[in-house]
Amino acid sequence: MIRNIIFDVGMVLADFCWEKVMRELGFSGEIFERLADATVRSDAWRDYDRSLISDEEILASFIANAPGLEKEIRLFWDHAADTIERYPYAEDWVGSLKEEGYHCYILSNYSKRTFDLTKEKLTFLKRMDGALFSWQVKLNKPEPEIYRTLLERYQLKPEECVFLDDSLDNVNAARNMGIHAIHFTGIEDAKKKLRELL
């Protein structure tokens, strides 16, 4: 029996709209691609989510990926808060599941800096029974240890949990831990698949 529902944040409960932000800042074509490769599409971004090193060191690593784009990288860095927008359905969805008696949790790759800048937008957090962000434990999905940490911290049984994430790698990692999982591709599809499990 499913008792616990575990949500990713980015692209499940909130939009990670980095492309929109870059375009609104005026970046396009080759500059857009190089900027994305230097930041959100780089290995350094995973380090950013872990928050293993200081923000200054992370920013320096982004700039090192594309030294000719330092001004553009710094501008995007200064607009990090704009890359997170809560989905309109998020709070009501979580609230309705809570009303039905399910426990709800967060498991998300999320940097401390971005969390500090955007936590006021994450109004659904107050409805959660618990949350584990990558910056708190210096681990990222799909590493097995981060799933294990969530289960142990909140004394959850894998077979009683379902996890929703937009990344298939993260979904498969959860399944390997014995957790039911849904690949999130949209709210209506997710609701349908969740109902089939509950």
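## A partly exposed methionine

At 29% relative accessibility, Met11 is classed as partly exposed, a term for values between buried (under 20% relative accessible area) and exposed (over 50%), found with a 1.4 Å probe on protein chains only. Met11 sits in the loop between β1 (4–7) and β2 (14–16). Helices (H or I, at least four residues) and strands (E, at least two) are DSSP runs, numbered from the N terminus. Phi of Met11 is near 75°, a positive value in a residue other than glycine.

The model is predicted, and local features need pLDDT of at least 70, side-chain atom pairs count only at pLDDT 80 or more, and totals for chains, interfaces and linings use all residues. Residues are numbered from 1 along each chain as its sequence is written, and side-chain values use heavy atoms, with hydrogens and water left out.

## The sheet

Five strands form an open sheet in the order β5-β4-β1-β6-β7, with parallel pairing. Two strands pair if DSSP finds at least two bridges between them. At the edges stand β5 (130–133) and β7, each with a single partner strand, so one side of each has no neighbour in the sheet. On average, neighbouring strands of this sheet are turned by 20° against each other, direction ignored. For such angles, axes are lines fitted to C-alpha atoms, for helices over the stretch in contact, and the angles run from 0 to 180 degrees between N-to-C directions.

The pairs can be followed along the sheet. β5 is joined to β4 (residues 103–108) by four bridges, and the two run parallel; here Ile106 has Ala131 in β5 as its bridge partner. Four bridges also join β4 to β1 in parallel, with Ile5 opposite Cys104 in β4. β1 in turn pairs with β6 in the parallel sense over four bridges.

## Strands β1 and β6

Which residues cover the two faces of β1? Asn4 and Ile6 lie on one side and Ile5 and Phe7 on the other, and all are buried. Two of these residues face β6: Asn4 has Cys161 as its bridge partner there, and Phe7 stands opposite Leu164.

Five of the five residues of β6 are buried, so this strand is largely enclosed by the rest of the structure. Cys161, Phe163 and Asp165 point one way from β6, while Val162 and Leu164 point the other way.

His103 belongs to strand β4. The relative accessible area of His103 is 37%, so this residue is partly exposed. His103 and Asn4 are 99 residues apart in sequence, yet their C-alpha atoms are 4.7 Å apart in space.

## The crossover from β6 to β7

Strand β6 (residues 161–165) and strand β7 (residues 180–183) run parallel and are joined by four bridges. Within this pair, Leu164 has Ile182 in β7 as its bridge partner. Between the two strands the chain passes through helix α10 (residues 168–176), and this β-α-β crossover is right-handed. That word applies if, with the strands pointing away from the viewer, the path from the first strand over the helix to the second runs clockwise.

## Backbone exceptions

Most residues other than glycine have a negative phi, and most peptide bonds are trans. Ser51 has a positive phi of about 55° although it is not a glycine. Ser51 lies in the loop between α3 and α4 and is buried, with a relative accessible area of 15%.

The peptide bond from Lys141 to Pro142 is cis, with omega near 10°. Pro142 is found in the loop between α8 (134–137) and α9 (144–153).

## An exposed glycine

Is Gly68 buried or exposed? With a relative accessible area of 61%, Gly68 is exposed. The loop that holds Gly68 runs between α4 (55–65) and α5 (70–78). Gly68 and Arg34 are 34 residues apart along the chain, and their C-alpha atoms are separated by 9.8 Å.

## The largest pocket

The largest pocket holds about 620 Å³ of space. On a 1 Å grid over the protein atoms alone, a pocket is an open set of points with protein on both sides within 12 Å along at least five of seven lines, and lining residues have an atom within 4 Å of a point. Grid points are joined across faces, edges and corners, and a volume is the space filled by probe spheres set on the points.

The lining has 26 residues, of which Gly10, Phe16, Trp45, Asp49 and Asn109 lie nearest the centre of the pocket. Helix α3 (residues 43–50) gives the most to the lining, with four residues. By type, the lining divides into ten nonpolar, nine polar and seven charged residues. Ala, Val, Leu, Ile, Met, Phe, Trp, Tyr, Cys and Pro count as nonpolar, Asp, Glu, Lys and Arg as charged, and the others, Gly among them, as polar.

Note on methods: 1 Å grid on protein atoms, 1.4 Å probe; cavity = no way out; pocket = protein on both sides within 12 Å on 5 of 7 lines; lining within 4 Å.
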